[in-house]
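Please read them alongside the coordinates.

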Amino acid sequence: MLVEGNTAVPGGMVMFTCNISTGRYELRAHTDGPKEYLLNVWYDGPWEAEIPSDEGIRLVNGTNWKFYSYNSSDLTVHMGARKLDASNNSLIIGIHDAHFRELAVNSISEPNGAVSVSYVVEPALIFKSGVKISVSSEERWKGWYVVNETYTSIEGYGDDETYYLGDVSGLVRLSVYKSGNDNETLSVSIEKDGTILNSGETSEENGKVTLRANV
């Protein structure tokens with residue numbers, strides 16, 4: 001979701017604007033490799049637990065306190081346990097990091113009660129800057145652009161055409177001409193992160209727009 005709005009007024013109207021960046025967002029894993037977790041069970045009595053492992057979920061049994069090491073690159077770690085007797089004592093399970101810092105914990109006191117807990121890692125959101133090339137005309141047009149020393153031919157008719165280019169640096173060159181016989185306006189622009197670096201237009205028959213922008 002980029003933006004939202006609401007109103008409680010009868011017949012009311014909600015209006016807002018949203019600036020769409022020319023870049024893009026990518027999700028990055030929380031680690032560059034597997035991360036160590038310590039899965040703990042505390043209970044003064046018999047219990048069984050389901051814990052994740054490299055082979056999948058495995059069932060373990062124990063009494064009192066035990067912990068299990070688990071290495072994972074997943075963004076969610078989940079475990080569960082249940083009491084094997086009818087006492088009212090608390091069964092506590094928790095997920096900790098390698099330094100025994102608490103990440104998630106849950107408990108149950110009911111006789112023969114079961115409990116589960118999950119830890120969800122928030123992935124890093126990385127912004128990748130980008131360049132947007134826009135061409136708009138109600139008649140046929142053709143052209144090309146050069147980005148990172150790569151030549152690309154383009155053409156269109158009747159609708160706006162937009163090209164999103166990622167990981168761009170240096171000079172961007174753009175040339176577009178009207179290939180139809182009408183006097184409709186041809187509009188062209190080069191934009192980076194919401195800022196128009198260069199733009200131009202022509203209404204002449206077979207008119208041409210050539211732009212350069214250093215990004």
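1. Helices (H or I, at least four residues) and strands (E, at least two) are DSSP runs, numbered from the N terminus. Ser90 falls in the loop that links strand E4 (76-83) and strand E5 (91-97). With a relative accessible area of 38%, Ser90 is partly exposed; buried means under 20% relative accessible area, exposed over 50%, and partly exposed in between (1.4 Å probe, protein chains only). Ser90 and Ser109 are 19 residues apart along the chain, and their C-alpha atoms are separated by 4.3 Å.

2. On the basis of the values: this is a predicted model, in which local features need pLDDT of at least 70, side-chain atom pairs count only at pLDDT 80 or more, and totals for chains, interfaces and linings use all residues. Residues are numbered from 1 along each chain as its sequence is written, and side-chain values use heavy atoms, with hydrogens and water left out.

3. Strand E3 (residues 56-72) contains Ser72, and Trp65 lies in strand E3 too. Ser72 counts as buried because its relative accessibility is 5%. A polar atom of the Ser72 side chain lies 2.9 Å from the backbone nitrogen of Asp74. Trp65, by contrast, is partly exposed at 42% relative accessible area.

4. Four strands make an open sheet in the order E11-E10-E13-E16, with antiparallel pairing; two strands pair if DSSP finds at least two bridges between them. Strand E11 (150-156) and strand E16 (208-214) are at the edges with a single partner strand each, so one side of each has no neighbour in the sheet. Direction ignored, neighbouring strands of this sheet are turned by 15° against each other on average. Strand E10 (residues 141-147) runs antiparallel to E11, and 7 bridges join them. Trp141 stands opposite Gly156 in E11.

5. Strand E14 (residues 186-192) and strand E15 (residues 195-202) also pair in the antiparallel sense, over 7 bridges. Lys192 has Thr195 in E15 as its bridge partner. The hairpin of E14 and E15 has 2 residues between the strands, and Asp193 takes a positive phi near 50° there.

Definitions and conventions. Polar contact = N/O pair within 3.5 Å; in protein donor to acceptor, adjacent residues only side chain to side chain. Axes fitted to C-alpha atoms, helices over the stretch in contact; angles between N-to-C directions.
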